[in-house]
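Here are my notes for someone opening this one for the first time. Have a look at the model, then read on.

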Amino acid sequence: MRYYLGLDVGATNIRCLVVDDERRVVARDTQPTPQRTTASEFAVSAGRAVDATLSTGGLGPGDIAAVGIGSFGPIDTTAGTITETPNLEADVTGIPLRETVARRFPKSVPTTLLNDADAGVVAEHELGGDDENVVYLTLSSGIGAGAVVDGSLLQGRAGNAAEVGHLMLQSESDRECGCGASGHWEAFASGENIPEYARDIAAKDDIRTDLPLGEENLSAGAVFDRYGDDPLATELVDRVGTWNAIGVANLAHAFAPDRVAIGGALARHNPTLVFEPLARSFTDHLLVQPPEIHLTNFGDDVVALGAIEHAVTNLD
Ligand SMILES: [Zn+2]
């Protein structure tokens, strides 16, 4: 039996799993992503998730045939690093992720690094259907996408193709994105920025609200929970739905997909308030034939599974 290990390095959690030849999950571990850390400490904690997963499955490094890592970006696939961390509490640069993980395995085990949304689209393309043109969009702490066009994964320079969270949606807006620029898709609709967007709308448009806007740890989920009974929460969900619909229409115009699969905690935990509004209205902004659109069927495992498929493809 051959085993493969997949690692999903997200801004909130680091998820690791091992699958067998039949792609059955035989071991898994999830650890919170360190938020205030250094580059080397960050990489070590990813390594710790790997160790814990192997130990849960009663496996050793020599049992693993290939390792695939999917990580939040921006990354550098040539250097094997996370280059910046716009969605962590601390700004860290040059995280040596691939080397730190690869050192845990025999030299003969290939270890690959992909942008997490690229890993997501590989899972959708290899395991989710027969389409040759697929986009995977993650709506989570940040926003990103991966695209398979004519059967090929678009990676681009340093692996950062389709970093769509930083597409400009509103040039006149002063809503600041995690990257420091303004008016980007993430500035309006990422989990990280939604509470601040709610504060902005309240200040500028004087909309009544009982939301605890002064609380520093106000979450996107807490705002969504008040949809329908709090005027500000309702306005915010409607605006986020519009931004997401415009964003998805941009993706359809850029990549002409047959299918758009959506993942990420924000979309998956709030299907009626995040997924359904954009699925209903993205065609309002579209000139081309609408793609099929659905939530990913691979849940929280989509990035790790796709990273494994990518690593296995490199084996053959
Ligand atoms: Zn940005």
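1. First, a term: a nonpolar core is a set of buried Ala, Val, Leu, Ile, Met, Phe, Trp, Tyr and Cys residues joined through C-beta atoms within 7 Å. Buried means that 20 or more other C-beta atoms lie within 10 Å of a residue's own (12 or fewer is exposed, in between is partly exposed), with C-beta atoms placed from the backbone.

2. Some housekeeping. This is a predicted model, where local features need pLDDT of at least 70, side-chain atom pairs count only at pLDDT 80 or more, and totals for chains, interfaces and linings use all residues. Residues are numbered from 1 along each chain as its sequence is written.

3. Now the core. The largest nonpolar core has 94 residues, and Leu7, Ala46 and Val135 touch the most other members. Helix 7 (residues 231-255) gives the largest share, 13 residues; helices (H or I, at least four residues) and strands (E, at least two) are DSSP runs numbered from the N terminus. At least three residues come from each of domain 1 (3-122 + 300-315) and domain 2 (130-296), with bounds from an automatic or database domain assignment.

4. Zoom in on Leu7. Leaving out residues up to four places away in sequence, Leu7 touches Cys16, Ala46, Ala49, Val50, Ile69, Val101, Ala304 and Ala307. Contact here means C-beta atoms, placed from the backbone, within 7 Å.

5. How do the two domains meet? Their centres, taken over C-alpha atoms, are 25 Å apart. In domain 1, 20 residues are in contact with 23 residues of domain 2. On the domain 1 side, strand 5 (75-76), strand 7 (111-115) and helix 3 each supply at least two residues, and helix 3 has the largest share with six residues.

6. Helix 3 (residues 116-127) also meets helix 10 (residues 302-315): their axes come within 7 Å and cross at roughly 75 degrees. That makes the two helices roughly perpendicular (65 to 115 degrees; under 35 is roughly parallel, over 145 roughly antiparallel, the rest oblique). Axes are lines fitted to C-alpha atoms, for helices over the stretch in contact, and angles run from 0 to 180 degrees between N-to-C directions. Among the residues in this contact are Ala119 and Val122 of helix 3 and Val303 and Ala307 of helix 10.

7. Back to helix 7. Helix 7 and helix 9 (residues 271-281) pack at about 55 degrees with axes 8 Å apart, and are therefore oblique to each other. Val237, Gly241, Asn244, Ala245 and Val248 of helix 7 meet Leu273, Pro277, Leu278 and Ser281 of helix 9.
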